[in-house]
Amino acid sequence: MMDPLQERDLRHIWHPCSQMKDYEELPPIVVDHARGLYLYDTNGKEYIDIISSWWCNLLGHCNPEINEAIKAQLDKLEHVIFANFSHEPAIELCERLAAIVPPGLSKFNFADNGSSSVESALKMSFQYHYQTGKPEKKRFMALSEAYHGETLGALSTGGTDIFSKIYKPLLLDVLRVEGPDCYRCSYGKTRESCGTQCFEKAEALMEKHAGETAAFIVEPLVQCAAGMRIYPAEYLQKLRAACDRYGIHLIVDEIATGFGRTGKLFACDHAGISPDIMCISKSLTGGYLPMAITVTTEKIYNAFYADYAQGRAFMHSHTYSGNPLAASAAIAVLKILERDRVLDRAAETAVYLHGELAKVFADHPHVGEIRHIGLINALELVKDRDTKEAFDGAQRTGYQIYKAALKEGLLLRPLEDVLYFNPPMTITKSEIDRSVTLFKNIILAFPFSA
C-alpha cells in the first residue's frame with residue numbers, strides 16, 4: 001500500500017526514463033535525507049547508493065565541505081545573467097580546470113546539463129568548419145550503442161535504440177560506426193589479445209566521408225548506457241590520429257567518465273590524447289547542482305572571434321549558464337580531489353572492489369563477464385555463459401534483480417541485464433564488503449532457471 005507522499009507524487013509527476021505503469025507495483029521511493037554512500041527514505045529505511053545516483057555523486061551525499069561552499073555563496077550571489085556579466089566562482093573554476101584538462105583545451109563554454117553541452121559541441125564544430133571555408137562539413141560520426149543525451153542533436157549521435165528508435169524521423173543523419181564490443185568481439189579476440197583491429201571500420205568510414213564530416217563524437221573508453229562497455233585506450237589513440245589525418249574534429253563526451261570515474265582524472269588521460277572539444281558535467285559539481293561545460297581550443301575559439309557585423313559569434317546560450325552556486329560546488333570538488341588525493345585512495349579501493357566481486361562471481365554460471373575500470377565494475381548476466389547467449393528481454397531479468405535489491409537496501413538500477421557498481425570515489429572497504437555481501441545474497445537467491 002502506498003503512503004500519502006507516494007500517492008501525491010504519482011498524481012502529478014512523470015518520472016524520467018520510466019514506464020510509469022511499473023510504478024503501480026513499485027511506487028517511487030521518497031528519500032528524506034542522505035549522507036555519504038547512503039539514502040534514507042521517509043520510513044527510515046537505508047539504501048546503499050552504489051550507482052552514485054546516475055553516476056554524478058562523486059564524493060558522497062551531503063559532503064560537509066561542498067555544503068559549506070554552497071551556503072557561503074548563497075548569501076553573496078545566487079545567479080546572474082552570464083552574457084556580459086561574470087563572477088569570481090566561474091573565473092576560478094575555469095582557472096582550476098584549465099590546469100587539469102588535457103593539453104590544448106583552454107576555452108570554457110557553460111551550459112546547465114550534459115545533453116546541452118553536447119548540443120553546444122556539435123554546433124561549435126559545424127560553425128567552425130562553416131566559418132573556415134568548409135560549409136560542406138555538416139555531418140557527424142558516432143559509435144553504435146553510443147549515448148550522448150536526450151535532446152535531439154545529442155540523441156541523433158546516440159545509437160541505443162531504447163532511447164532513440166521512435167524519434168528517428170526527427171533526428172540528424174549521423175554516420176554510424178560499429179563500436180568495439182570486447183565481450184562479444186567479432187574478430188574473435190579477447191581483451192588480452194586485442195589489437196583494436198575493429199578500428200578499421202571507423203577508418204574506412206572516415207576515409208569515405210571525411211569531406212562531409214565535421215566531427216566524430218565518442219564516449220572515451222566506457223560506453224556507459226550501452227552496458228558499461230569498456231574498450232582499449234589504443235582505440236582512442238587511433239581515433240585521435242585518424243581525426244587529424246582526415247580533418248575531422250574529435251569530440252569526447254566525458255560527462256559520465258570525467259573526474260576520476262575511470263581511475264584517472266579524465267578517460268582521455270589513459271590514452272594520452274587531447275580532443276578538439278570535450279564535454280563535462282555530472283561529477284563536475286559532485287552531483288549537487290546542474291552544470292556542464294563544453295571545453296575547446298584556442299584554434300576553434302579564434303574562428304568565432306571577429307567584429308560583430310561579421311556574424312561569426314557563437315549565438316548559443318542557457319539561462320543558468322555559469323551559475324555561481326554550481327561553480328562554487330565544483331571548486332569545492334576540485335579542492336577536495338587535490339588535497340585529499342582522492343584518486344590515489346580510490347585506486348586502492350578499486351582493486352579491492354574488483355577482487356571481491358571476482359571472488360564471488362568469476363565462476364557464476366550466469367555472469368558472462370565482470371568488466372572494470374577504476375571503481376566501475378559491470379557484471380553482464382547471460383543465459384548461457386559458454387555461448388554468451390543473452391536472456392530473453394521480455395523476462396526483464398535485470399529489472400527483477402533491481403526490485404529484489406531495493407528490498408534489501410541496495411540501489412542497482414541495471415542497464416537491461418548489466419548490473420554495475422559505480423560508487424562515489426570515497427567508498428570505504430567496509431562499505432564495499434557490505435555492498436558485495438548484499439549483492440551476493442541477492443544474486444545467489446535469484447531463480448535464474450525459473
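Rings of Phe, Tyr and Trp, the last taken by its six-membered ring, are paired here if their centres lie within 6.5 Å, and a pair counts as edge-to-face if the planes are over 60 degrees apart. All views show a predicted model.

**View A. Aromatic pairing around tyrosine 231 and tyrosine 235.** The structure holds 14 aromatic pairs. In the pair formed by tyrosine 231 and tyrosine 235, the ring centres are 5.4 Å apart and the planes meet at 75°, so the arrangement is edge-to-face. Tyrosine 231 and tyrosine 235 are both buried, and together with Phe199 these two residues make up one aromatic cluster.

**View B. Charged side chains over tyrosine rings.** Lysine 107 is placed over the face of tyrosine 301, at 4.2 Å from the centre of the ring. Elsewhere in the chain, arginine 396 lies over the face of tyrosine 399, at a distance of 4.0 Å from the ring centre.

**View C. The contact of helix 3 with helix 12.** Two packed helices are described by the angle between their axes and by the distance between those axes. For helix 3, which spans residues 64–74, and helix 12, which spans residues 324–339, the axes come within 8 Å and cross at roughly 145°, and the crossing of helix 3 and helix 12 is right-handed. From helix 3, the residues that take part in the contact are Glu65, Ile66, Ala69, Ile70, Gln73 and Leu74, and they meet Pro324, Leu325, Ser328, Ala329, Ala332, Val333, Ile336 and Arg339 of helix 12.

View D. Most residues other than glycine have a negative phi. Cysteine 62, in the loop between helix 2 (52–55) and helix 3, has a phi near 50°, a positive value in a residue that is not glycine. With a relative accessible area of 82%, asparagine 84 is exposed.

Definitions and conventions
Residues are numbered from 1 along each chain as its sequence is written. This is a predicted model: local features need pLDDT of at least 70, side-chain atom pairs count only at pLDDT 80 or more; totals for chains, interfaces and linings use all residues. Side-chain values use heavy atoms; hydrogens and water are left out. Axes are lines fitted to C-alpha atoms, for helices over the stretch in contact, and angles run from 0 to 180 degrees between N-to-C directions. Helices (H or I, at least four residues) and strands (E, at least two) are DSSP runs, numbered from the N terminus. A crossing is left-handed if the near helix is turned anticlockwise from the far one by less than a right angle, and right-handed if clockwise. Contact means heavy atoms within 4.5 Å. Rings of Phe, Tyr and Trp (its six-membered ring) pair if their centres lie within 6.5 Å; planes under 30 degrees apart count as stacked, over 60 as edge-to-face and the rest as tilted. Buried means under 20% relative accessible area, exposed over 50%, partly exposed in between (1.4 Å probe, protein chains only). A charge sits over a ring if NZ of Lys or CZ of Arg is within 6 Å of the ring centre and within 35 degrees of the ring normal.
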